[in-house]
Amino acid sequence: MHDITGTATPRDSVAENNVHERERLLRSVVDSLDGWLCIVAQDGAILDVSRGWGEHAVALQLDGAASGAGANLLDAFSALPEPLGPTLAGMLLEVIEEGTENRSLKYQMLWTGRSDWFVLRIQPVRHHPSARAVATFVDITQGMRTQEELRRITHEAQTLAAALAEEKTLLAEVLSSIPHLVYWKGPDLRYKGVNSAFLTMRGTKGQEQVLGRTEAELGVDDVLQQILTEVEPRVVATGERTEGLRVDLICPDGEQRTLLLSVLPHLDERSDPGSLRTGVIGVGADVTRVRYLERKLAQANRLESIGQLAAGVAHEINTPMQYVTDNTRFLAEIFDEVTGTLRRTATLLGEEMAELLRADPDSPVNAEVQRVREDLAQIDLDFIVTEVPQALTQTMEGLERVTHIVRAMKDFSHPGQGLVETDINQAIQTTVDISRNEWKYVARLELDLDPQTGIIPCHANEFKQVILNLIVNAAQAIEEKREAGSTAVVGNIRIATRRQEDRVRIEVIDDGPGMSEDTQRRIFDPFFTTKEVGKGTGQGLSLAYATIVQQHRGTLDVVSCPGHGAQFTITIPLDLENEEEEDF
């Protein structure tokens with residue numbers, strides 16, 4: 001307060017000091033704010049600014065407002081490029097003229113080689129004679145860069161997680177599709193994962209019945225359980241893999257599978273080298289099919305050896321058979337001459353000669369003639385003349401039959417020469433001869449071979465094997481029918497050939513028990529057989545189909561119904577060489 005003379009009193013001095021102190025306090029607070037502040041009048045003029053305003057105003061491209069008090073912020077905003085300048089100016093006018101509540105805007109300033117981010121907040125000032133708004137600028141560049149880096153890292157993490165999830169899904173699908181048994185266990189030898197083949201072969205319904213359990217807790221009593229219980233602890237203890245263990249596993253469906261089992265130590269890659277082993281990985285390669293093919297190959301090799309042996313034996317038999325045949329034919333011819341001589345001798349020594357000798361009983365010839373007559377009477381010349389020629393004829397027929405069979409054996413066992421000109425009728429005749437023992441006791445075999453069939457390009461050996469398979473199949477079917485109680489003593493097999501416009505047609509017909517529609521659909525499938533175990537492999541007709549359809553580009557069809565036999569029909573194109581060239 002002042003006295004009437006205008007002189008300040010001590011009380012007034014204290015009040016002024018308090019005001020100045022409050023002003024200094026407020027200035028310190030304003031200067032310490034995170035940002036730069038300016039107070040604006042009604043016309044946009046700057047009334048006051050915080051410390052450092054001028055330097056930062058230039059950085060904000062507000063050169064016109066850098067001088068602080070007395071400069072005009074509204075004009076500085078308007079000078080900025082569009083659309084930023086008009087936007088900031090409009091915000092300031094709304095607050096000054098209309099008293100709009102707080103306005104804020106986040107914006108980016110672009111520089112050469114970099115960019116900065118700022119937030120502008122404009123707040124109205126009320127109840128002050130000149131101030132109308134407070135504008136605060138805050139540099140949020142570092143925060144924005146941090147957010148951008150966080151977004152980048154988050155995006156990379158999400159991308160990596162998606163890739164890992166995709167790889168995990170792909171790995172799971174790959175493991176599920178692998179036909180081999182695969183599993184892995186932790187350091188305590190508890191299951192951590194298995195594939196579908198493992199579940200199928202071990203007879204478990206799902207992974208939930210396996211994961212987290214030991215082999216003993218799995219409750220599967222099979223040969224694999226015994227082997228794993230013995231092998232896995234040794235692999236974990238020594239770190240040495242065990243490979244190539246052959247396991248004959250009986251699956252729950254009763255099928256036997258042959259596995260080559262390998263148990264490998266699984267190391268923790270996150271640890272240093274030499275760290276403790278963390279478990280095992282097991283792979284059981286299913287080699288059942290390979291083992292079967294190995295057995296078939298061994299059998300084929302044995303059959304090939306037998307075929308080569310048979311060809312050699314047939315060749316060795318053929319030479320002495322020629323000797324025997326020629327000598328028998330010679331004996332037959334000589335016998336005719338000898339019997340003629342004997343007959344003439346018997347006639348000469350008949351009753352007329354006897355009367356002459358009686359007239360001269362003392363003649364020295366008489367005793368010799370009598371001895372010859374007695375010898376002729378004892379040998380029963382009529383019987384010999386009748387029976388011996390028949391025996392020689394039958395012997396010749398037998399020898400010709402043996403020679404024919406030997407020739408057929410040599411022809412059938414001759415190594416294949418690929419695609420060659422082949423007499424189809426002769427190939428069928430040879431096969432019928434060689435397979436006679438397969439059908440002669442159960443069926444009559446009739447051949448209806450068209451002479452016009454002629455010679456066509458063909459894989460001769462493979463074709464003869466097809467005919468053999470069909471003959472054997474027909475004979476076995478007829479035998480099954482007889483064993484089932486049919487009244488027929490023997491069945492019938494008929495093989496016919498016909499030459500058509502562009503192909504040859506071969507039919508093999510039998511009057512066996514026939515087939516159902518289901519059997520006909522599956523008759524050419526590999527390993528399918530209707531015979532009991534030990535009597536068929538299910539390979540004969542599937543191989544025949546592959547030979548005709550794939551090798552000869554032909555067709556092999558079957559028509560049948562239960563109780564009425566079956567008819568297999570083969571067609572082979574006449575111009576097979578050209579068809580193979582086109583396919584190539």
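1. Helices (H or I, at least four residues) and strands (E, at least two) are DSSP runs, numbered from the N terminus. Asp326 lies in one of them, helix α9 (residues 288-348).

2. The model is predicted: local features need pLDDT of at least 70, side-chain atom pairs count only at pLDDT 80 or more, and totals for chains, interfaces and linings use all residues. Residues are numbered from 1 along each chain as its sequence is written, and side-chain values use heavy atoms, with hydrogens and water left out.

3. Confidence is given as pLDDT, the predictor's confidence in each residue, from 0 to 100. The mean for the protein chain is 79, and 76% of the residues score at least 70. Strand β14 (residues 491-499) has the highest mean, 93, and helix α18 (residues 576-583) the lowest, 53.

4. Asp326 counts as partly exposed because its relative accessibility is 44%; this class lies between buried (under 20% relative accessible area) and exposed (over 50%), with a 1.4 Å probe and protein chains only. Its C-alpha atom is 9.3 Å from that of Met396, 70 residues apart along the chain.

5. Helix α13 (residues 424-434) packs with helix α15 (residues 460-483) at an angle of about 50°, their axes 9 Å apart. Axes are lines fitted to C-alpha atoms, for helices over the stretch in contact, and angles run from 0 to 180 degrees between N-to-C directions.

6. In contact (heavy atoms within 4.5 Å), Ile424, Ala427, Ile428, Thr431 and Val432 of α13 meet Phe463, Lys464, Ile467, Leu468 and Ile471 of α15.
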